[in-house]
Amino acid sequence: MTAPSAAEPLVEIRDLHVAFPQFEGTVHAVRGVSLHLAPGESLGIVGESGSGKSVSCMAVMRLLRSPPAQISADRLALEGIDVMAAGKDDLTRLRGRAAAMIFQDPMTAFDPVFTIGQQIAETLRLHREMGRRAARDEALNLLRRVEIRNPEAVLESYPHQLSGGMLQRAMIAMALSCHPRVLFADEPTTALDVTVQAQILQLIKDLQAELGMGLIMVTHDMGVVAETVDRVVVMYGGQVMEQAGVIDIFERPAHPYTRALLASIPGQEGGRRRLTEIPGGSPDPSDPPGGCPFHPRCPEADARCAAEAPPLLTGADGRQTACWRVTP
Ligand SMILES: Nc1ncnc2c1ncn2[C@@H]1O[C@H](COP(=O)(O)OP(=O)(O)O)[C@@H](O)[C@H]1O
Ligand SMILES: [Mg+2]
């Protein structure tokens, strides 16, 4: 494993394709996604359910079983290390040290038969080669760091004994235990109520700033993006529709799909309008439409949009848009 250089992006995905062959036909989950994350940067990946956000992140973390997944990319790298070529030991090290992931359902991260303390300590012993005593102390520190007020009690608790919010904090503590340089947060607050959601998002944001971590926040919720990231990738139908700074996305959304997503944020002017008000549903990933994936639902689509997929073009300001109707 070569040492990563400082100029290297933390995460680099170039022209990623992921397909899952099934009886009924192949599911084309990701179709040519490119994105990157610089050290310390925060990036939102936003789009409706099924747009390929999770699969893209799992692919670069090498968490997809292959087969069945068919993965191809020009480049797939964490900290400058090609994860397609990396061996099993390198991957284990990378996953612990370079990148950690937190999910919507913290129960998937914890084993129901061990206490929270046992599981955090085990990670510490494995990845940071700590002794039993040191691991317990560090587990307590980590729980305090995620603002758990009674860390001793939580350490002795089994996952089912904690509330959703507490468990989510414990999972973040476990993810942070190896000092990752990038944290993938995949819908980390979707299952929580609004108040707890706001607290967890604030916690992730604070930790990111404090630890200088890179952050990839995966969400279907534009509100979450607004509160947590500097830059946004908008995905639809397994492709990138738009990529820009968070202020540009909110104040000058260029892609019709981005505008539709913004219209679905509750509390916007005109009250709660949902994306489902746009005619049609998400594209069928086993039979994606030709042309732009959004064209069947796009109010601005014309014949060209149906016939030919628009390339993702980069403007002078670094902003990217894939739409025939937009000049970057
Ligand atoms: N293991 C799998 N096998 C088959 N299809 C999958 C698998 N994982 C994801 N998919 C499909 O790939 C598409 C993209 O999924 P995903 O990346 O999870 O979407 P998102 O995270 O944007 O909601 C969806 O149609 C989903 O059903
Ligand atoms: Mg997902």
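Analyst: A strand here is a DSSP run of type E with at least two residues, and strands are numbered from the N terminus. The model is predicted. In that sense, Val182 belongs to strand 8, which covers residues 182-186. Val182 has a relative accessibility of 1% and therefore counts as buried, the cut-off being under 20%. Leaving aside residues up to four places away in sequence, Val182 touches Leu10, Val11, Leu37, Ala98, Ala99, Ala100, Gly214 and Leu215.

The largest pocket holds about 570 Å³ of space. Its lining consists of 20 residues, and those closest to the pocket centre are Arg95, Gly96, Thr123, His127 and Met174. Two or more lining residues come from each of helix 2 (88-98), strand 7 (99-102), helix 3 (116-128) and helix 6 (164-176). Helix 3 contributes the most, with five residues. Sorted by class, the lining comprises 12 nonpolar, six polar and two charged residues.

Helix 3 also packs against another element. Its axis and that of helix 4 (residues 132-145) come within 9 Å and cross at roughly 115°, and the crossing is right-handed. On the side of helix 3, the residues in contact are Ile120, Ala121, Leu124, Arg125 and Arg128, which meet Arg132, Ala135, Glu138, Ala139, Leu142 and Leu143 of helix 4. By class, this contact has seven nonpolar and four charged residues, with no polar ones.

Methods. Residues are numbered from 1 along each chain as its sequence is written. Chains are lettered from A and ligands numbered from 1 in the order in which they are written. This is a predicted model: local features need pLDDT of at least 70, side-chain atom pairs count only at pLDDT 80 or more; totals for chains, interfaces and linings use all residues. Side-chain values use heavy atoms; hydrogens and water are left out. On a 1 Å grid over the protein atoms alone, a cavity is a set of points where a 1.4 Å probe fits but cannot get out, and a pocket is an open set with protein on both sides within 12 Å along at least five of seven lines; lining residues have an atom within 4 Å of a point. Grid points are joined across faces, edges and corners, and a volume is the space filled by probe spheres set on the points. Helices (H or I, at least four residues) and strands (E, at least two) are DSSP runs, numbered from the N terminus. Ala, Val, Leu, Ile, Met, Phe, Trp, Tyr, Cys and Pro count as nonpolar, Asp, Glu, Lys and Arg as charged, and the others, Gly among them, as polar. Axes are lines fitted to C-alpha atoms, for helices over the stretch in contact, and angles run from 0 to 180 degrees between N-to-C directions. A crossing is left-handed if the near helix is turned anticlockwise from the far one by less than a right angle, and right-handed if clockwise. Contact means heavy atoms within 4.5 Å. Buried means under 20% relative accessible area, exposed over 50%, partly exposed in between (1.4 Å probe, protein chains only).
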